[in-house]
Amino acid sequence: MQKEAAIREPLILGHKSYHDITEDVCRPIEDKAPKMWYILFGIALVVGLYGIGCILYLLGTGVGVWGLNKTIGWAWDITNFVWWVGIGHAGTLISAVLLLFRQKWRMAINRSAEAMTIFAVFMAGLFPLIHMGRLWVGYWVMPIPNQFGSLWVNFNSPLLWDVFAISTYLSVSVVFWYIGLIPDFATIRDRARKPISKKMYSILAFGWSGRAKHWNRFELVSLVLAGLATPLVFSVHSIVSFDFATSVIPGWHTTIFPPYFVAGAVFSGFAMVQTLLLIMRKAMNLEAYIHTKHVEYMNIVIMVTGSIVGTAYITELFISWYSGVEYEAYAFINRATGPYWWAYAAMMTCNVVSPQLMWFRKLRRSLLFTFFISIVVNIGMWFERYVIIMTSLHRDYLPSSWSMHYPSPIDIGVYIGTIGLFFVFFLLFARFFPVLALNEIKSILKGSGQSYKESPDYYKNH
Amino acid sequence: MADTKKYWKGIDELNDTKAFQDSKDVEFPEQNNSLENFLADDSLNESSTGRRDFLKFLGFSVAAATVAACEAPVIKAVPYVMKPENVVPGMATWYASTYYDGSAFASILVKTREARPIFIKGNKDFGITSGSVTPPIIASVLGLYDSERLQEPMKSGKSSKWSTVDSEISNALKTSKRVVLVSNTVISPSVLSSIEILKSSASGSFDHIQYDPISYSGIRNAHALNYGKAMIPSYDFSKAKTIVSVNADFLSTWLMPTQFATQYGETRNPDSEWMSKHFQFEAVMSVTGSNADYRGMTKPSEEESVLRYILDKLIGKPASISKGLKANADAAVTSLKISGEESLVVCGTNNTGLQQLVNEINNAVGAYGTTIDLYNELNLFQSEEGKMLDLVDSMIKGSVPDVVLFYNSNPVYSLPNGKAFAKALKTVKTSVSLNSHGDETAVACTFMCPDHHALEAWSDFQPTTKHYALAQPMITQIHNTASALESFVVWAGVAERVGKTSTLAYEKIKETFSDINGGNFDLAVHNSCVDLVSSTIEETFSFSSASISKTPKFSKGVEFVAYQKTAIGAGNHANNPWLNELPDPISKVTWDNYITMNPVEMTKAGYATTYDQENGLSLATITANGIKLTLPVYPLPGQALGTVGVALGYGRGGHGEKIGKAAYQTKEYGGYITDKNGNPKSIGENIFPMIMSSANELTYANSAKVNKVDGEYIIAATQIHHTVMGRHSIVRETTKGIYDSNGKESYNPAHMLQTIDADGSHVEKPVSEFDLWDAHPVENIGHRWGMTIDLSSCIGCSNCLVACQSENNVPVVGKDEVRRGREMHWLRIDRYFASAEEAAVGTRKDKDTFSFSAAEIAALNPKVVHMPMMCQHCNHAPCETVCPVAATTHSNEGLNQMTYNRCIGTRYCANNCPYKVRRFNWFNYPAYKKFTEINPAQDDLGRMVLNPDVTVRTRGVMEKCSFCVQRIQSTKLEAKKEGVPVADGKFATACSDVCPTNAIVVGDWNDIESNVRKSSEEKRSYQALEEIGVKPNVWYKVKVRNEENDLLSKLQVDKKAHHEPSHKQH
């Protein structure tokens, strides 16, 4: 057990005992789901199914059902892809990087952040698949032995790097998440009364018995995985940014992209975590574990990454002028003043101005304000990708090919659909999985709990 | 006796051998034996095939059977049972022939594959058109496979038989008092003589009226007044050092563009001894106007004053003209004076008075005898609209002939009072149409007796006094049609109807040929033409002045010009999907006609001046001759203020006629947009009823009222941004003066980059010396295919675009998809207007004050550059590196090649293409319902036009220009068969093949003697977007305009002067 300064705000409020924690986390799983869950699940399912319908129509008819054209080969599809991948960034950052830095507050949020990551990456992965003209031969991007005259993939293509980056990221994230879940599943298994759920959870718990040996291995694996996952935090979005950075299109062809994309991803990922957790803590009575302090920490991350992103935007603008490259300069003039100025303005306001408000302690500790900003940030980050992808393409080198992009109903349907599907997954997670890493939380109870902070001897007497 | 007969089945039975004895009771000898043998084979038991192996085999067989069941349906290729002579499957056969559709004439070569005509190009070796064609000629091959072409004779709208139809028509002719035959200008001596036969067999009077929708009677009448003979002389633009054209779009639609484009092209080479100076005075920006060195925005009512001013100034009389036109008119006068008899003045307005003025000017400069040849007159366009209008008037008044025949003529559509005529036509006892479709006129007739398609029939033509041309059939008649020549003779009762095997037309033409003394007939067929020895009659013409006839009068207010578009012309080809989808060379709009108006005026009047896929143009009504039509208003820079233009040839077949599947508006998800009667709606509006018709002349202009109305109309254009934004690395333009007296660095400077040399100091080096990548091993090894495109020669005619579509099976996608920016053309022609911020297209006036928003708007009367753009086959192709599956790769001959089978459709390559030339198959064009009406590939007959050498692409794959790789391969194979290296000039892409001005040169760049190599190394050659370092295999050549441009010369010449000293300081 670690000693922590008393003046630090406690991470667990109230006089919780170990048992209380178990109860708090397991209750929502063991009780009947509240009506609200069914309502939300119903809405998410309908929206998700509508999205699936749109995708099926798209696959049946052709990519032409989207609003793309000869000039703009990617718009909402890849915007959504990058947006979701970005959102999927916070999970690994929280679980891996914060673990390595021994940030205790991460324990309240890492489980749901990781879950969010995985579901977001699912959604993200969908887009590169369905944006293909011929999905049925999409497996050709895999370097697998074949009989087409032993055709190999093109290792020069950043799109191929994407395939590797995303699939690695997804598999490591899933493993990491699952390893963390094992002791918690075991707790639920031990408490389960109904035979079916007992059976299910015992399968999921992988025969965890809570022996010291197990704990020892658990900690080791977590550390190893954290070490493995940390580079991934930087690699995934760097590689996603290579899709653009290695191209010749003004506005895409920018060396600043990798760090800028990573910062943006963390920025949007944390915002999404905020959005989800602020609702979840209320709905699932987890206010004692996820409270103002956690929100404040996350807001600081948002503020810092938001500032990095803002700096990147301004650097880009400066360089476009400083480079003296006619096309580069025009790409940015066009972004700011061309027909899509409103998207650029939305991006600037949401991503550069709004996080700066977090300098005010009062604002960054306001849950309502945080909720609002978290949504603003995710809107802003969607626009950022839209601005980068679309405004660069719509007016590139030859003015004869300049074009406009208008989304079709299917574009919108697929996007909204993925949000629906994401929530279907997330709600199922909240219903059947321990949303807090309860065994990890317990490890900080005696160091960071309110009871300990108020009287360090509290737990000796209880 | 019966017992003595012995029947036997084989020699064995006859001899009753042992083998026969053994086998005679076994019914299925082989099968039984083999099965028994198989089962009795002991080695089977010893086989190593155990249970596991058996299961493996079973599993494999089931899987294999399943997989086999999933195979695509097998489409059977039926081989020749008897191989026709001269047809080698897989090998193309070319035939020389001649195209004439009543308005355009050209000597052509037709490519056939397995006896299917699939491609048309000009015949460069023979004929008077020197290989030049127009888009409608190239696209006419598609008309052969039009499934809505009449397939058999019809009587009162019902199928009939030739025997029935023939007897009824000849009976009607025998008993009639008055017969009228309306045709377009017939230049076929054989058809004319068959009409004579028909005429002589008629019992009553027989009139043959020649009537063309576009008339040139003004020229004929003016020559009648000035030279005593109604004629159109031959014009030779190649000799004209000064060309003045008043409203004549001679490069695209006026008179003989197939001759003029090539002649004009010869005078536009800045490297030759002299370069012509071209002045254009016109209201609607035409293809010709866009190429002019000086272009004056001229109202139809000002044409007279322009001509009078030029004439008066030339003969030294005082003259005045409106301020806006003075500068150009003065320059034209000066230039005409300098070039004297080597000048040519033409006028496109059909009016005797104006044409007399033109004759006066041409006479004053002495053009007759040099650029104008009176002794080789043009036989085309003999329209007698006076006679036609008389007939129409009398018919409307009730005096109708007993029999009216229509041959290649559709007056119900093209007459100003066509509707009334159609009504009167219904009262005619016997009316016969020989037109190929159930068009506006045909459906008003009792009989439809469809003629063959031109590619199915023998034909002959005498386009000029000294030229005789032949057309031969490439294919047996697809439908039960009959040649018009034969029909006339049959109806005269002189011959019997034979059917498909009829040789009547052939015999008749052979007869005509021997009459005119043409020489060897087979040779003439091979060449498709013969030049005739000048006729023995020695006429001499001399000019005599005559008082100028009445010129068109316009009332105050808006004047409107009815012009022809390159593709649709007067409406003959309104059903051709390739032509409908061909972007207008100036407006870049497809599938529509519209009112053109100057954007400056539109802004004042509150019209929308920009448009894209979701934002349409404003609508307006146009009223003339008491007829009111609603059309969208298109912002066309260069349109004379106070005028509007509307294209002829649209609004066809909207009343239930069947003029072709692609002639109507279609809905977003397929099917036609229909009117309240359920008839499919035609595309655009017919404006023939609005033109000016005086007693004996049709003038294609009028006064009109234009009023903005509420509503928006979405237009499908392939280009929605019209200027080049001062981007000098895309378009380079200079003047003849600068070009002649300055070096490359002034008008065609290399892009310089800073680098550090061996001494560590900063130096500037051209971008071509920098390279991020290893060079592809294509230089100096084997072939490396390259292309140069001369922007000076390119006139924007769009032949290349249609030829490419035809050669490469490029799908037609229709208006809705074009509007979404998804046209599939592999080759496009970028058209850039200069903005007020540019001194010339692509050159900024002032780098410091340059305003991007102002540069987006075209100037009031802008300079224009046409820039054909297709895959640049970059040696460092950005598309190649980004494809995850290596579907697009570089060939060892320098081609950027696309492997459709491998493509998974990520579109990354298209995004990363700086030239945006890649085209994605958004839908399954050959099958999806949206394209059923418009894509010929969805039609069993239409599909026959597809080039079997080029894959039809499936949904979800990328495609683009391949440099006609199929042609490269066949050229190489030909050379290989002959055992010689590929000679320069043997390989031509479809685009270079049909270029009338030879602006496109292709060849092997590694061959240092090749034209393309030399061309690419000329001073004017540059690579578009050179600074991004993609190293294209396509070079463009600086556009040189023969004008004075002080600002440009200041910018280009002074910059050099400024640049060099500063360079030395380093």
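Let me start with a term: two residues are in contact if their C-beta atoms, placed from the backbone, lie within 7 Å. What we are looking at is a predicted model, where local features need pLDDT of at least 70 and side-chain atom pairs count only at pLDDT 80 or more, while totals for chains, interfaces and linings use all residues. Residues are numbered from 1 along each chain as its sequence is written, and chains are lettered from A and ligands numbered from 1 in the order in which they are written.

With that in hand, take Leu631(B), which touches Asn593(B), Tyr594(B), Ile595(B), Ala620(B), Ile622(B), Val646(B) and Glu685(B), leaving aside residues up to four places away in sequence. Leu631(B) belongs to strand E24 of chain B, residues 627-635; helices (H or I, at least four residues) and strands (E, at least two) are DSSP runs, numbered from the N terminus. Is Leu631(B) buried or exposed? A residue is buried if 20 or more other C-beta atoms lie within 10 Å of its own, exposed if 12 or fewer, and partly exposed in between, with C-beta atoms placed from the backbone. Leu631(B) has 25 such neighbours inside 10 Å and therefore counts as buried. Thr175(B), which sits in helix H7 of chain B, residues 162-175, has 13 C-beta neighbours inside 10 Å and so counts as partly exposed.

Next, helix H17 of chain B, residues 418-426, has as its buried residues Gly418(B), Phe421(B), Ala424(B) and Leu425(B). They lie on the same side of H17(B), because they cover an arc of only 115° around the axis, the arc being that of the directions from the helix axis to the C-beta atoms. Among the elements covering these buried residues are helix H15 (385-397) and strand E14 (403-407) of chain B.

Turning to a sheet in chain B, 4 strands form an open sheet in the order E42-E33-E44-E43, with mixed pairing; two strands pair if DSSP finds at least two bridges between them. Strand E42 (1000-1004) and strand E43 (1021-1022) stand at the edges, each with a single partner strand, so one side of each has no neighbour in the sheet. E43(B) is joined by 2 bridges to strand E44 of chain B, residues 1034-1037, and the two run antiparallel.

Finally, how many residues of chain B are in contact with chain A? There are 47, and they meet 42 residues of chain A. Elements giving two or more residues to that side of chain B are helix H28 (878-882), helix H29 (908-911) and strand E40 (919-920).
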